[in-house]
Amino acid sequence: MNPPCIVFDCDGVLLDSNAMKTRTFAAILSEHEPADVQAFLAYQATAFGLSRYRLIDAFFSDFSSREPHPGEAESMLARFGDLCRRDYARQPLTDGAMAALHALQARGVPMFVVSGSDETELNGVLETIGLAKFFRRILGSPKTKLENLRLVERDLGSPHAITFIGDARADWQASTDFGCRFVYLSPWAADRAGMTTLRSAEGFPEISRLDQVLPLLGLAAAPAEAMAS
């Protein structure tokens, strides 16, 4: 049997940050037509896991009543990044996140982050809050999650049983396209109704806190002294 490897999404998985991302989109779109913004935000709630680059493109192509001004999309992306750098590190960890990270580290399980967040920004955030040390690599946009899962496989160098823990359809889709196991962390998902429907159809496992992934992998909790560090 191949040894395990765990890949984490970030928003709604490691950090309770989905609501922050929605507020940030609302802020950068505040000068647009309210009806356009509300329609986009309803879509965005179902599209967590897609990068901000794709979402801003989608706003102008599918929801905005007007074409973007020259440089407008780039300006919006820059403001989005500024707001994220200000607010990201303030977001709390999800339940069981630290216990899971310590337990997996104690068992020598390689861990990665594959997120739709900007890669440079996310590396800085996880370094600031003391989580970067747990991960072999922290991967994000503008590469897609599928591209980044392939980088994980390449980085491992030998066959591993990869499990991707996510909270959105984009996470499940990337796992399916890549061919690895998907585990759904449900409490912080932005589109819980949609994910419930998808889970009913696809049958993937659901957990309510991150440390519940350990028995799914046949692993016990880490020693108490490791959990306290």
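This is a predicted model: local features need pLDDT of at least 70, side-chain atom pairs count only at pLDDT 80 or more; totals for chains, interfaces and linings use all residues.
Biologist: In what order do the six strands of the open sheet run?
Modeller: The pairing in this sheet is parallel. Strand 3 (137-141) and strand 6 (206-207) each pair on one side only, which puts them at the edges.

Biologist: Which residue is the bridge partner of Val114 in strand 3?
Modeller: Strand 2 (residues 111-118) pairs with strand 3 in the parallel sense, over four bridges. In strand 3, the partner of Val114 is Leu139.

Biologist: At about what angle does helix 7 run to strand 2?
Modeller: Helix 7 covers residues 145-156. It lies across strand 1 (4-8), strand 2, strand 3 and strand 4 (161-166). Its angle to strand 2 is about 155°.

Biologist: Against which elements do the buried residues of helix 8 pack?
Modeller: Helix 8 spans residues 169-178, and its buried residues are Ala170, Asp171, Trp172, Ala174, Ser175 and Phe178. After the helix comes Gly179, with a positive phi near 95°. The buried residues pack against helix 7, strand 4, strand 5 (181-185) and helix 9 (192-202).

Biologist: Why is helix 5 largely enclosed by the rest of the structure, and how many of its 10 residues are buried?
Modeller: Helix 5 takes in residues 97-106, and the buried ones are Ala97, Ala99, Ala100, Leu101, His102, Ala103 and Leu104. Gly108, which follows the helix, has a positive phi near 70°.

Biologist: Is Glu121 buried or exposed, and what is its relative accessible area?
Modeller: Glu121 is placed in helix 6 (residues 119-128). Leaving aside neighbours within four places in sequence, Glu121 is in contact with Arg52, Gly81, Cys84, Arg85 and Tyr88. The cut-off for burial is under 20%. Glu121 is therefore buried, at a relative accessible area of 6%.

Biologist: Which residues are linked with Glu121 in a network of salt bridges?
Modeller: Side chains of opposite charge can pair when their charged atoms come close. A search of the whole structure finds 13 salt bridges. In the network that includes Glu121, the other linked residues are Arg52, Asp82 and Arg85.

Biologist: How far apart are the closest N and O atoms in the salt bridge of Arg90 with Asp87?
Modeller: Asp87 also meets the side chain of Arg86 in a salt bridge, at 2.8 Å from N to O. Asp87 counts as buried at 11% relative accessibility, while Arg86 is partly exposed at 48%. Arg90 counts as exposed at 60%. For Arg90 and Asp87, the closest N and O atoms are 3.4 Å apart.

Biologist: How many residues apart in sequence are the parts tied together by Asp155 and Arg136?
Modeller: The side chains of these two residues, Asp155 and Arg136, meet in a salt bridge at 3.8 Å, N to O. Asp155 lies in helix 7 and Arg136 in the loop between helix 6 and strand 3, so the pair ties together parts whose separation in sequence is 19 residues.

Biologist: What is the relative accessibility of Arg136, and is it buried or partly exposed?
Modeller: Its salt-bridge partner Asp155 is partly exposed, with a relative accessible area of 31%. Partly exposed covers values between the buried limit, under 20%, and the exposed limit, over 50%. Arg136 therefore counts as partly exposed, at 46%.

Key:
Residues are numbered from 1 along each chain as its sequence is written. Side-chain values use heavy atoms; hydrogens and water are left out. Two strands pair if DSSP finds at least two bridges between them. Helices (H or I, at least four residues) and strands (E, at least two) are DSSP runs, numbered from the N terminus. Contact means heavy atoms within 4.5 Å. Axes are lines fitted to C-alpha atoms, for helices over the stretch in contact, and angles run from 0 to 180 degrees between N-to-C directions. Buried means under 20% relative accessible area, exposed over 50%, partly exposed in between (1.4 Å probe, protein chains only). A salt bridge is a side-chain nitrogen of Lys or Arg within 4 Å of a carboxyl oxygen of Asp or Glu.
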